[in-house]
Amino acid sequence: MLFHMGSNKKMDAPQARLPVDACPNLFKSNALGRVFTVNPKQTECFYLRLLLVNVTGPLSFQDIRKVNGQQYSTYKDACLALGLLEDDNQWECMFAEAALNCTAIQIRLLFAIVLTTCFPARAQILWDNHKDSMTDDILHQHRTRCNDVTITFSDAMYNEALIAIEDLCIIIANLSLSHFGMNSPDRAVSDFMNTEMNREMQYNTVEMAAIVTRNVPLMNEEQKIIYDRIMLAVSAGQGGFFFWMHQVELEKHSLFR
């Protein structure tokens, strides 16, 4: 016989189990079971447990993710649809306020702490809404290195910020951003802020355009041929190697400005 712990109430015997319609080899009874506690870090297991203790009569693991006739791909989405999770309004307000008083480095650290200890319902949306404030320092660095204040946020900058946040999450909880339902950063292109690359880009485009306009008419015939070939390769996106020898010092020659 089955008994519920802490109670003398007699439960149904195993032979009293009844088959579940449309589910072969699945039976139901009035016996009480026990569901173990789950750490929120085990995300999908945690949300599955939350569904099991709140949804009555599910026929399968797929069926338990169905809410009002709509099938959800994850247990977390099903929990959100059922209103079992709090929304992220408090985090939205917190990051909006932090953007007014904190540096981007501080906000990234705050975001990593929220991810690893507070488990927001929609981390990706939270990032999308506040990624500018978390990437502001990277934008400033790039503007400074390129000497161009018109540069705006780009996917490469956001990627750098995500790498920094993921590094913090790994330090705090040994978890990557994908664990929290976020897109993983592309570390293969993380050389966006590479010092050598940016050093080559440190010039004033307006000033350089003026130099070209002034010096091209001063070129001799041979120089003009070489200049036209190089510019043609640049315009066509072909690239290539070009060798030029001249008797005068190269740095004094208008072709090499």
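Is L18 buried, exposed or partly exposed? L18 is partly exposed, with a relative accessible area of 49%, where buried means under 20%, exposed means over 50% and partly exposed lies in between, for a 1.4 Å probe and protein chains only. The model is a predicted one, in which local features need pLDDT of at least 70 and side-chain atom pairs count only at pLDDT 80 or more, while totals for chains, interfaces and linings use all residues. Residues are numbered from 1 along each chain as its sequence is written, and side-chain values use heavy atoms, with hydrogens and water left out.

**Overall make-up**

- The protein has nine helices and four strands, taken as DSSP runs numbered from the N terminus, with helices being H or I of at least four residues and strands being E of at least two.
- Read from the N terminus on, the order of these elements is β-β-α-β-β-α-α-α-α-α-α-α-α.
- Of the 257 residues in the protein, 29% are buried.
- The accessible surface comes to about 17,500 Å², and carbon and sulfur atoms hold 55% of that surface, with areas from the Shrake-Rupley method, a 1.4 Å probe and, for residues, only the protein chains shown as cover.
- Among contacts with a separation of 6 or more, 50% are between residues 24 or more positions apart, a contact being heavy atoms within 4.5 Å.

**Aromatic rings**

- The structure holds five aromatic pairs, counted when rings of Phe, Tyr and Trp (its six-membered ring) have centres within 6.5 Å, with planes under 30 degrees apart called stacked, over 60 edge-to-face and the rest tilted.
- One of these pairs is formed by F111 and W127, which are tilted, at 6.4 Å centre to centre and with 50 degrees between the planes.
- This pair links distant parts of the chain, 16 residues apart, with F111 in helix α4 (residues 104-118) and W127 in helix α5 (residues 123-146), and both F111 and W127 are buried.
- The ring centres of W127 and Y158 are 6.3 Å apart and their planes stand at 85 degrees, so this pair is edge-to-face.
- Because W127 lies in helix α5 and Y158 in helix α6 (residues 155-173), the pair ties together parts that are 31 residues apart in sequence, and both W127 and Y158 are buried.
- One aromatic cluster is formed by F95, F111, W127, F153 and Y158.

**Charges over rings**

- The charged end of K131 sits over the ring of Y158, 4.5 Å from its centre, which requires NZ of Lys or CZ of Arg within 6 Å of the ring centre and within 35 degrees of the ring normal.
- R65 lies over the face of Y75, at 5.3 Å from the ring centre.

**Cysteines**

- The count of disulfides is zero, under the rule that a disulfide is a pair of cysteine sulfur atoms within 2.5 Å.
- C102 is partly exposed at a relative accessible area of 34%, and C118 also counts as partly exposed, at 34% relative accessibility.

**Two residues in their surroundings**

- E166 lies in helix α6 and counts as buried, at 7% relative accessibility.
- Apart from its neighbours within four places in sequence, E166 is in contact with L175, S176, L177, S184, P185 and R187.
- L18 is placed in strand β1 (residues 18-20), and, not counting residues up to four places away in sequence, L18 touches L26, F27 and K28.
- L18 and S29 are 11 residues apart in sequence, and their C-alpha atoms are 6.3 Å apart in space.
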